[in-house]
Amino acid sequence: MIKEDVRLKGKTDQTKLILFIVVVGLLLYSIYNGNKESNHIKSFKGETIGLLTRVKDNDEHGYTLQYYFYLDKKIRSVIYVKEYNEGIINNFFKVKYNISNPEENDIILQEELEPDSISLVKAGFTKTKYYFYDAGVTCKYIEKSKWK
């Protein structure tokens with residue numbers, strides 16, 4: 001007759017219960033922190049225009065997107081996203097910021113803007129000229145401009 005060891009069965013049940021409680025606790029904590037951060041961003045009252053400038057790869061978080069906007073000075077900010085659309089680089093987006101501390105800000109990637117030149121100048125951007133040499137066709141410098 002084979003005897004079953006009751007002591008091991010009780011320990012595995014306890015281990016499963018503890019693991020289940022830990023997983024549920026972590027899930028609830030992440031949901032709470034996500035809502036807390038979302039509510040914090042929703043409390044930002046200031047709005048302006050921001051320019052998304054570059055993307056750097058980041059192993060753990062996905063991608064690092066860098067953007068800047070102007071409020072008396074140039075403010076650079078970084079946001080981490082899991083994925084992004086290739087066409088959003090060098091485009092303008094709405095930026096929400098904390099009026100009392102502009103370093104607390106967030107770019108709204110769902111709201112791509114197509115601002116006119118007047119609103120860009122009011123937001124602090126300037127139009128700069130640059131030249132590139134067209135070696136293959138005209139062998140001349142071609143003048144271009146972009147917003148900075």
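Biologist: Why is E47 called partly exposed?
Modeller: E47 has a relative accessible area of 45%. Buried means under 20%, exposed means over 50%, and partly exposed lies in between, using a 1.4 Å probe and protein chains only. The value for E47 falls between those cut-offs, so E47 is partly exposed. This is a predicted model, where local features need pLDDT of at least 70 and side-chain atom pairs count only at pLDDT 80 or more, while totals for chains, interfaces and linings use all residues. Residues are numbered from 1 along each chain as its sequence is written, and side-chain values use heavy atoms, with hydrogens and water left out.

Biologist: What makes K94 and E47 a salt bridge?
Modeller: Their closest N and O atoms are 3.8 Å apart. A salt bridge needs a side-chain nitrogen of Lys or Arg within 4 Å of a carboxyl oxygen of Asp or Glu. The pair meets that limit, so K94 and E47 count. K94 sits in strand 4 and E47 in strand 1 (residues 46-58), 47 residues apart. Strands here are DSSP E runs of at least two residues, helices are H or I runs of at least four, and both are numbered from the N terminus.

Biologist: Is K94 buried or exposed?
Modeller: K94 is buried, because its relative accessibility is 19%.

Biologist: How many salt bridges does the structure hold?
Modeller: The structure holds 3. One of them joins K129 and E143, again at 3.7 Å, N to O. K129 lies in strand 6 and E143 in strand 7, so this pair ties together parts that are 14 residues apart in sequence. K129 is exposed, at 59% relative accessibility. E143 is partly exposed, at 44%.

Biologist: What does K144 touch in this region?
Modeller: K144 is in contact with T128, K129, Y130 and F132, leaving aside neighbours within four places in sequence. Contact means heavy atoms within 4.5 Å. K144 is in strand 7 (residues 140-147). Its C-alpha atom lies 8.5 Å from that of T128, 16 residues apart along the chain. K144 counts as partly exposed because its relative accessibility is 38%.

Biologist: How do you know that D134 has no salt bridge?
Modeller: The nearest side chain of opposite charge, K140, is 9.5 Å away. Lys and Arg count as positive, Asp and Glu as negative; His and the chain ends are not counted. D134 is buried and is found in strand 6 (residues 127-134). Beyond four places in sequence, D134 touches C139, K140 and I142.

Biologist: What makes up the largest nonpolar core?
Modeller: This core has 12 residues, including L52, L65, Y67, F69, F93 and I107. A nonpolar core is a set of buried Ala, Val, Leu, Ile, Met, Phe, Trp, Tyr and Cys residues joined through side-chain atoms within 4.5 Å. Strand 2 (62-71), strand 3 (73-81) and strand 4 (92-97) each give two or more residues. A second, separate core of 8 residues includes I49, Y70, F92 and A123. In soluble globular proteins, nonpolar side chains tend to be buried together.

Biologist: Why is I21 called exposed?
Modeller: The relative accessible area of I21 is 52%, so I21 is exposed. I21 lies in helix 1 (residues 6-42).

Biologist: What makes the nonpolar patch that includes I21?
Modeller: L17, F20, I21 and V24 form it, with about 400 Å² of accessible area together. Patches take residues with over 30% relative accessible area and no salt bridge; nonpolar side chains (Val, Leu, Ile, Met, Phe, Trp, Tyr) are joined within 5 Å, like charges within 9 Å.

Biologist: What is the overall pattern along the sequence?
Modeller: The protein follows α-β-β-β-β-β-α-β-β, with 2 helices and 7 strands. Of its 148 residues, 25% count as buried.

Technical notes
Areas by Shrake-Rupley, 256 points an atom, 1.4 Å probe, with all protein chains shown as cover.
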